[in-house]
Amino acid sequence: MNNSILCLTRDDPEYSHDRQVKDFIEGGGRFIQFRSKTLPPDILLKQATQATNHAKACDAKLVINDHIELAREIDAHGVHLGASDGTVSKARSILSKGKIVGRTVHSIEEAVSVKRESPDYIGLGPYRTSTTKKDLQPVLSDDQFQSIVEILDPIPVYLIGGLSTDDFPLIQSFGLRGIALCSALFSVSNLMEQTKLAVEKSRAFPELSSC
């Protein structure tokens with residue numbers, strides 16, 4: 001399964017997360033992060049449940065951003081943790097065996113600390129300014145990104161933040177597992193077709209490690 005693209009959902013009042021996940025999958029996306037910062041708990045539960053069901057029916061993997069208990073409740077494939085969302089060991093103590101636990105890294109210091117937790121993958125960034133996380137600004141050079149990937153080895157790393165389908169060469173340049181795409185997949189009206197185009201383009205830049 002080609003996992004060189006991590007597809008990220010986003011809050012959109014006219015485009016539910018579960019529909020986004022369905023369109024990602026129909027376009028060939030197979031590794032998806034359900035990421036919401038604004039949904040009320042009842043709607044979050046409903047959409048995350050439907051999204052997880054879509055993923056399971058289509059041999060895709062879906063992780064829930066931030067919410068460990070929600071991931072456990074709906075039996076998602078795993079969870080992605082930011083700096084304030086708890087530790088990998090906490091997530092593994094709550095989730096059932098074999099679930100995916102990802103972590104975010106923003107700096108060399110965080111990379112050293114997070115590696116000790118042994119997450120299943122890392123989201124490293126931001127590489128550029130992102131429209132979905134305006135509060136985070138790029139502060140690292142390419143050499144520093146390269147150093148962080150080397151520090152984290154052999155943990156698979158996805159670069160995140162303002163990336164487009166023109167950035168697949170970074171997979172080989174930095175030795176990444178892949179890149180995370182969000183706004184780039186929403187740049188045209190048809191999310192499924194845009195995902196399909198991204199997946200086709202990614203095949204020329206296969207991921208360099210597996211998880």
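In this predicted model, helix H1 (residues 17-26) packs with helix H8 (residues 191-202) at an angle of about 40 degrees. The axes of H1 and H8 lie 7 Å apart. Two packed helices are described by these two quantities, the angle between their axes and the distance between the axes. Angles under 35 degrees count as roughly parallel, and 65 to 115 as roughly perpendicular. The angle of about 40 degrees therefore makes H1 oblique to H8. The crossing of H1 past H8 is right-handed.

Both helices supply named residues to this contact. From H1 come Gln20, Asp23, Phe24 and Glu26. From H8 come Leu191, Met192 and Thr195.

The strands come next. Strand S8 (residues 178-181) pairs with strand S1 (residues 5-8). The two run in the parallel sense, and 3 bridges link them. Leu6 has Ala180 of S8 as its bridge partner.

S8 also pairs with strand S7 (residues 157-159). S7 and S8 are parallel as well, joined by 2 bridges. Here Leu159 stands opposite Ile179 of S8.

Helix H7 (residues 169-174) forms a β-α-β unit together with S7 and S8. This unit is right-handed.

How values were computed:
Residues are numbered from 1 along each chain as its sequence is written. This is a predicted model: local features need pLDDT of at least 70, side-chain atom pairs count only at pLDDT 80 or more; totals for chains, interfaces and linings use all residues. Side-chain values use heavy atoms; hydrogens and water are left out. Axes are lines fitted to C-alpha atoms, for helices over the stretch in contact, and angles run from 0 to 180 degrees between N-to-C directions. Helices (H or I, at least four residues) and strands (E, at least two) are DSSP runs, numbered from the N terminus. Angles under 35 degrees count as roughly parallel, over 145 as roughly antiparallel, 65 to 115 as roughly perpendicular and the rest as oblique. A crossing is left-handed if the near helix is turned anticlockwise from the far one by less than a right angle, and right-handed if clockwise. Contact means heavy atoms within 4.5 Å. Two strands pair if DSSP finds at least two bridges between them. A crossover is right-handed if, with the strands pointing away from the viewer, the path from the first strand over the helix to the second runs clockwise.
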